[in-house]
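Please find below a colleague's note on the chain shown here. The points are numbered so that each may be answered separately.

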Amino acid sequence: MSALNSLFNRGLLGARCKTCLNLAISRIKLLRNKREVQLKQMRKEIAQFLLTGQESIARIRVEHVIREQNILAAYEVLELFCEFVHARVPILETQRECPTELQEPIASIIFAAPRCSDLPELIQIRNLFSSKYGKQFVAAASELHPGTSVNRTIIEKLAVRAPSADAKLRTMKEIAREHTIEWDSSSTEVEFRKTHEDLLEGSSQIFSKTLNSQTPISPSMIAETAVHANKNGEAQPAQAISVDGSARFGANKPLTNLDKMERPMNTQIEESISDKKVEISWRSSEVLERAQAAIASADRACASARAAAELVKVRVALRSGNLQ
């Protein structure tokens with residue numbers, strides 16, 4: 001009875017595998033024809049962008065063209081593998097282990113199954129191979145374990161990564177030659193050579209210069225201003241200023257325009273300080289010390305700015321009282 005069951009299951013597995021392979025081959029051919037038409041249209045659009053001088057849009061669209069070309073190349077290899085396995089199904093039925101000549105096609109189909117959403121038949125074929133050869137065999141091919149026989153072209157064409165600058169430039173030149181366009185690629189080459197690190201370093205340098213250019217307001221400057229106001233008879237003796245440079249005046253007074261002007265300035269300084277703290281975490285020890293000194297200076301400037309704002313409010317209040 002067990003022999004009859006094995007023969008029945010063997011024949012059923014072979015029939016299902018042939019059916020899925022036939023459906024996969026037919027769908028691959030249909031998708032290849034459809035994608036080839038779309039690819040021609042996309043290349044024509046990029047040629048139009050190059051002709052009208054819209055290189056920035058062409059540099060973005062060319063990534064989609066490269067992606068479509070890679071998928072077409074992968075589909076072509078998968079179609080050959082499916083046809084090869086379809087012709088060797090009788091051999092698969094008679095042997096318990098995967099034959100040596102079929103390891104690369106079967107492993108490549110298993111690897112491509114979850115990465116080709118347009119080919120659901122590959123998932124069914126992978127499940128059939130999983131039931132025959134075990135889950136470890138399928139996992140080794142899907143996750144590219146050492147010793148697997150997945151085709152290198154399938155791995156490269158189905159890899160999810162941005163194309164290199166050389167590949168994009170080469171494709172753009174091919175499209176320009178294909179449509180007989182005299183295109184100067186110098187500006188695009190310069191754009192591709194730019195690195196994001198340079199832009200980030202430039203922004204940090206601008207922030208450092210802005211932070212160092214801020215002149216701290218010392219408590220002595222505030223005291224001199226108050227004495228000068230008292231001599232002119234414009235203000236009465238103000239309340240004492242605390243040691244950290246901050247002043248306390250009229251805590252219960254309603255908010256005025258000066259309060260509204262002070263808050264954005266304080267918020268901007270505090271945001272700059274927080275950004276600076278994130279930046280110094282990965283710099284060297286010498287730069288770290290300079291950054292800490294700049295942060296301390298900014299803190300003192302923030303406290304002095306608050307004291308100056310409060311002093312100006314008192315002067316305005318006293319002046320309005322004298323006028324009345």
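1. Basis of the note. The model is predicted: local features need pLDDT of at least 70, side-chain atom pairs count only at pLDDT 80 or more, and totals for chains, interfaces and linings use all residues. Residues are numbered from 1 along each chain as its sequence is written, and side-chain values use heavy atoms, with hydrogens and water left out.

2. Overall composition. The chain contains 13 helices and zero strands; helices (H or I, at least four residues) and strands (E, at least two) are DSSP runs, numbered from the N terminus. Of the 324 residues in the chain, 34% are buried, where buried means under 20% relative accessible area, exposed over 50%, and partly exposed in between (1.4 Å probe, protein chains only). The chain exposes about 20500 Å², of which carbon and sulfur atoms supply 54%; accessible areas come from the Shrake-Rupley method with a 1.4 Å probe, and for residues only the protein chains shown count as cover.

3. Contact range. Among the contacts in the chain with a separation of 6 or more, 74% are accounted for by residues 24 or more positions apart. A contact means heavy atoms within 4.5 Å.

4. H8 against H9. Helix H8 (residues 165–178) and helix H9 (residues 186–193) pack at an angle of about 165°, and their axes are 10 Å apart. Axes are lines fitted to C-alpha atoms, for helices over the stretch in contact, and angles run from 0 to 180 degrees between N-to-C directions. H8 and H9 are therefore roughly antiparallel to each other; angles under 35 degrees count as roughly parallel, over 145 as roughly antiparallel, 65 to 115 as roughly perpendicular and the rest as oblique. H8 contributes Ala165, Lys168, Leu169, Met172 and Lys173 to the contact, and H9 contributes Thr188, Glu189 and Phe192. By class, the contact of H8 with H9 has four nonpolar, one polar and three charged residues, with Ala, Val, Leu, Ile, Met, Phe, Trp, Tyr, Cys and Pro counted as nonpolar, Asp, Glu, Lys and Arg as charged, and the others, Gly among them, as polar.

5. H2 against H8. Helix H2 (residues 55–87) also packs with H8, at an angle of about 95° and with the axes 9 Å apart. H2 and H8 are therefore roughly perpendicular to each other. On the H2 side the contact is made by Ala58, Arg59, Val62, Glu63, Val65, Ile66 and Gln69, and on the H8 side by Ala167, Lys168, Thr171 and Met172. The residues of the contact of H2 with H8 comprise six nonpolar, two polar and three charged.

6. H5 against H6. The axes of H5 and H6 come within 6 Å and cross at roughly 130°. That makes H5 oblique to H6. Arg126, Phe129, Ser130 and Tyr133 of H5 meet Lys135, Phe137 and Val138 of H6. The contact of H5 with H6 divides into four nonpolar, one polar and two charged residues.

7. Buried side of H6. Which residues of helix H6 (residues 135–142) are buried? They are Val138, Ala140, Ala141 and Ser142. The buried residues of H6 pack against helix H4 (103–112) and helix H5 (120–133).

8. Positive phi values. Leucine 144, in the loop between H6 and H7, has a positive phi of about 55° although it is not a glycine. At 35% relative accessibility, leucine 144 counts as partly exposed. Threonine 180, in the loop between H8 and H9, is likewise not a glycine and has a positive phi of about 50°. With 71% relative accessibility, threonine 180 counts as exposed.

9. Serine 108 belongs to helix H4 and is buried, with a relative accessible area of 0%. Not counting residues up to four places away in sequence, serine 108 touches Leu78, Phe81, Ser149, Val150, Asn151 and Ile154. Isoleucine 155 is found in helix H7 (residues 152–157) and counts as buried at 14% relative accessibility. With the same exclusion of residues up to four places away, isoleucine 155 touches Phe111, Leu144 and Val150. The C-alpha atoms of isoleucine 155 and phenylalanine 111, which lie 44 residues apart along the chain, are separated by 8.2 Å.
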